[in-house]
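Have the viewer open and follow along.

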Amino acid sequence: MDAGRSDLFDVFYRENYPRIYRYSYRLVGNSEEAEQLTQESFKNLYCVLANGTRITDIKALAYRIAHNVCISFLKKGDKFKNILGRKDYAFPPSAPSAEDEVIASNRLELLRQAILSLSKRDQRCLLLYWEGFSYREISTITNIRGTSVGKILARAVNKLSNECQRGKG
């Protein structure tokens, strides 16, 4: 790998390691496994860069690699479990009073249940969207047609809204 690409990789690694780790953790639900899978993802990214492959969006490529590494890991050991089933998934209650905590907890549980009703594909697209990715980047990472990402997200949000409204009633 030439010095320019090596420097690019070093900077990218330092700036994006926490994000890739967080994404991996949300997919596999275990910090030690997420750490190993994040390392493997960056190793694979380094190999792609070392091969001299022309890259137009290194961030999307890195998430695509991490996505594939995590999905392969989950499929290998038949460990594919719904990570959103964990009570602590990305929505820790932080209300100041006990009453507010109960209300917030109920709302979060309602949202968690609504998210669980979505397909795995829709859950992953929402997760990437919440991480700040554009539709194009989500398409690249998940290998879903670019024209479908917006529709998938719109339907998922609509379904979440309907499920949450149903749960309130």
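A nonpolar core, as the term is used here, is a set of buried Ala, Val, Leu, Ile, Met, Phe, Trp, Tyr and Cys residues joined through side-chain atoms within 4.5 Å. Keep in mind that what you're looking at is a predicted model.

With that in hand, how many residues does the largest nonpolar core have? It has 38 residues, and those with the most contacts inside it are Tyr 23, Val 28, Phe 42, Leu 45, Tyr 63, Leu 128 and Ile 138. The elements that put in two or more residues are helices H1 (3–28), H2 (31–50), H3 (58–76), H4 (98–116), H5 (120–130), H6 (135–142) and H7 (146–168). H3 supplies the largest share of this core, nine residues.

If you skip its neighbours within four places in sequence, Tyr 63 is in contact with Arg 19, Ile 20, Tyr 23, Leu 128, Glu 131, Phe 133 and Ile 141.

Next, the helix pairs. Two packed helices are described by the angle between their axes and the distance between the axes. For H2 and H3, the angle is about 130° and the axes are 9 Å apart. Angles over 145 degrees would count as roughly antiparallel and 65 to 115 as roughly perpendicular, so H2 ends up oblique to H3. Their crossing is right-handed. On the H2 side, the contact is made by Glu 33, Leu 37, Glu 40, Ser 41, Asn 44, Leu 45, Val 48 and Leu 49, while H3 brings Ile 58, Leu 61, Ala 62, Ile 65, Ala 66, Val 69, Cys 70 and Phe 73. Sorted by class, that's twelve nonpolar, two polar and two charged residues.

H3 also packs with H6, at an angle of about 35° and with the axes 8 Å apart. This crossing is right-handed too. Here Lys 59, Ala 60, Tyr 63, Arg 64 and His 67 of H3 meet Glu 137, Thr 140, Ile 141 and Thr 142 of H6. The residues of this contact split into three nonpolar, three polar and three charged.

Finally, step off the end of H6 to Asn 143, in the loop between H6 and H7. Most residues other than glycine have a negative phi. Asn 143 has a positive one, near 65°. Is Asn 143 buried or exposed? Its relative accessible area is 59%, and anything over 50% counts as exposed, so Asn 143 is exposed.

Notes
Residues are numbered from 1 along each chain as its sequence is written. This is a predicted model: local features need pLDDT of at least 70, side-chain atom pairs count only at pLDDT 80 or more; totals for chains, interfaces and linings use all residues. Side-chain values use heavy atoms; hydrogens and water are left out. Buried means under 20% relative accessible area, exposed over 50%, partly exposed in between (1.4 Å probe, protein chains only). Helices (H or I, at least four residues) and strands (E, at least two) are DSSP runs, numbered from the N terminus. Contact means heavy atoms within 4.5 Å. Axes are lines fitted to C-alpha atoms, for helices over the stretch in contact, and angles run from 0 to 180 degrees between N-to-C directions. Angles under 35 degrees count as roughly parallel, over 145 as roughly antiparallel, 65 to 115 as roughly perpendicular and the rest as oblique. A crossing is left-handed if the near helix is turned anticlockwise from the far one by less than a right angle, and right-handed if clockwise. Ala, Val, Leu, Ile, Met, Phe, Trp, Tyr, Cys and Pro count as nonpolar, Asp, Glu, Lys and Arg as charged, and the others, Gly among them, as polar.
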